[in-house]
Amino acid sequence: MESKKIINIVGAVITKGEEILCAQRGNEKALTGLWEFPRGKFDQEELSQEALQREIQEEMHCTVKIGKQVEHTVCEYDFGVVHLTAFYCTLVVGIPLLTEHIPMKWLQPNELSQLEWAPADISAIEKLTSTYQSTK
């Protein structure tokens, strides 16, 4: 039996006040139309935070400050096994511009479950929602 490709991904839970940036995957990508946190692949020679900084700069033309880790999940898809590590981020320079995604939305944590998320993001969504509800 052939083992599936391991894909290491870093995701940005970009916050603005109490809102979180959500991005919908474009038509040319796997998981078309599902929502996700802005993200990118990285290899083992690169630190995850460095990769995230680079990916956000390349894909959204803005700079973020990376904070603590939100969640790490492992999710198996038909195209491989995704290891997603998501970090809290705040905008430092610029505003996010879409280059890889179709629409984006800023939502309150309690609104996140209204969207259809990529499976790898669901654990982080649950954590963000429960953290938000416990502070209210």
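Which residues in H1 are buried? The legends below take up this question and several others, using a predicted model.

**View 1. Helix H1 and its buried residues.**
Helix H1 runs over residues 48-60, and its 13 residues reach 17 Å from the first C-alpha to the last, which is close to the 18 Å expected at 1.5 Å a residue. The buried residues in H1 are Ser48, Ala51, Leu52, Glu55, Ile56, Glu59 and Met60. They lie on the same side of H1, because they cover an arc of only 130° around the axis. After H1 comes His61, which has a positive phi, near 55°.

Cys62 counts as buried, because its relative accessibility is 1%, and Cys89 counts as buried at 1% relative accessibility.

**View 2. The tilted ring pair of Phe37 and Trp117.**
The count of aromatic pairs comes to two, and this view shows one of them. The ring centres of Phe37 and Trp117 are 5.0 Å apart and the planes stand at 40°, so this pair is described as tilted. Distant parts of the chain are linked by the pair, since Phe37 is in the loop between strand S3 (35-36) and strand S4 (39-41), while Trp117, 80 residues apart from it, is in the loop between strand S7 (101-107) and helix H2 (122-135). Both Phe37 and Trp117 are buried.

**View 3. The stacked ring pair of Tyr77 and Phe79.**
Is this pair stacked or tilted? The rings of Tyr77 and Phe79 have centres 4.9 Å apart and planes at 10°, so the pair is stacked. Tyr77 is buried, with a relative accessible area of 10%, whereas Phe79 counts as partly exposed, at 36% relative accessibility.

**View 4. Lys16 and the ring of Trp106.**
In this view a charged group meets an aromatic ring: the charged end of Lys16 sits over the ring of Trp106, at 4.4 Å from the centre of that ring.

**View 5. Arg39 and its side-chain contacts with Glu36 and Asp121.**
Arg39 has its place in strand S4, and Arg39 counts as buried because its relative accessibility is 10%. Its side chain is joined to the side chain of Glu36 by a polar contact of 3.1 Å, and the side chain of Arg39 also makes a polar contact of 2.4 Å with the side chain of Asp121.

**View 6. Lys68 in strand S5.**
Is Lys68 buried or exposed? Lys68, which lies in strand S5 (residues 63-77), is exposed, with a relative accessible area of 62%. Between Lys68 and Arg25 there are 25 Å in space, C-alpha to C-alpha, and the two are 43 residues apart in sequence.

How values were computed
Residues numbered from 1 in each chain as written. Predicted model: local features only at pLDDT ≥ 70, side-chain atom pairs only at ≥ 80, totals over all residues. Heavy atoms only, no water. Helix = DSSP H or I, 4+ residues; strand = E, 2+ residues; numbered from the N terminus. Expected span 1.5 Å × (residues − 1). Buried < 20%, exposed > 50% of the residue type's maximum accessible area, 1.4 Å probe, protein only. Arc of directions from axis to C-beta. Phe/Tyr/Trp six-rings, centres within 6.5 Å; stacked < 30°, edge-to-face > 60°. Lys NZ or Arg CZ within 6 Å of the ring centre and 35° of its normal. Polar contact = N/O pair within 3.5 Å; in protein donor to acceptor, adjacent residues only side chain to side chain.
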